[in-house]
Amino acid sequence: MPNIKDFKTALGAGGARPNQFGVIITFPSLITNFTRPGGQGGYDILVTSTSLPASNMNTTVVKYRGRDVKLAGERTFDPWSLTVMNDTGFSYRNAFEDWMESMNSRATNEADKLNPADYSRDIQVDQLSRNGAVLASYTLKDAFPINMSEIALNYGTDNVIEEYTVTFAYAHYTRVAV
């Protein structure tokens, strides 16, 4: 029969914490006016929340003698989102708008870059330990933004920094356990 000591041992160094993460977004080269707040290296420090990617295994149903036989089907990957804190220079907001504009213009409904290699990029999400070591690393392959939420403006709101959400489509992810 397991006891509390076994339980604590199974968690390792206190269990993985949802507030210990880092995201690295590699913008396409066509985004020329972006300056990463906090410097060019490392994590995107204004990303305030995200998730590790989800995946689904669809089933294929085959009828056999009046029964449904379920077989593994195709694997699909849900869209992935992150929340960004808005700085006064709109650094990330402008970069995401330019990224989406390059895929399809708001004014002309034309795409500057029809080749996915020009507009899709890999995004890295790391789950970190409480001392900053990488516990697991996920790379979303060929990601591009498909939705950017509004930023609510309100005279009655104070002591709050603006945030917005960006949702990405991606082909699949790779995982590296450390």
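Okay, let's start with burial: of the 178 residues in the protein chain, 30% count as buried. Keep in mind as I go that this is a predicted model.

What about the surface? The accessible surface of the protein chain is about 11600 Å², and carbon and sulfur atoms make up 52% of that.

Now, overall dimensions. For a compact globule of 178 residues you'd expect a radius of gyration near 16 Å, but this protein chain comes out at 21 Å. If you take the principal axes and box up the C-alpha atoms, you get roughly 60 × 50 × 35 Å.

On to secondary structure. The protein chain has three helices and nine strands. In what order do they come along the sequence? Reading along, the pattern is α-β-β-β-β-β-α-α-β-β-β-β.

How about contacts? Take the ones in the protein chain with a separation of 6 or more: 63% of them are between residues 24 or more positions apart.

The largest pocket has a volume of about 160 Å³. Which residues line the largest pocket? If you've got the structure up, look for Ile151, Ala152, Leu153 and Asn154, then Thr157 and Asp158, and finally Val160, Ile161, Glu162 and Glu163. Sorted by class, that lining has five nonpolar residues, two polar and three charged. Asp158, Glu162 and Glu163 are the charged ones in the lining, while Asn154 and Thr157 are the polar ones.

That's my tour, happy to go back to any part.

How values were computed. Residues numbered from 1 in each chain as written. Predicted model: local features only at pLDDT ≥ 70, side-chain atom pairs only at ≥ 80, totals over all residues. Heavy atoms only, no water. 1 Å grid on protein atoms, 1.4 Å probe; cavity = no way out; pocket = protein on both sides within 12 Å on 5 of 7 lines; lining within 4 Å. Points joined across faces, edges and corners; volume = space filled by probe spheres on them. Helix = DSSP H or I, 4+ residues; strand = E, 2+ residues; numbered from the N terminus. Rg over C-alpha atoms; globule rule 2.2 N^0.38 Å. Buried < 20%, exposed > 50% of the residue type's maximum accessible area, 1.4 Å probe, protein only. Contact = heavy atoms within 4.5 Å. Areas by Shrake-Rupley, 256 points an atom, 1.4 Å probe, with all protein chains shown as cover.
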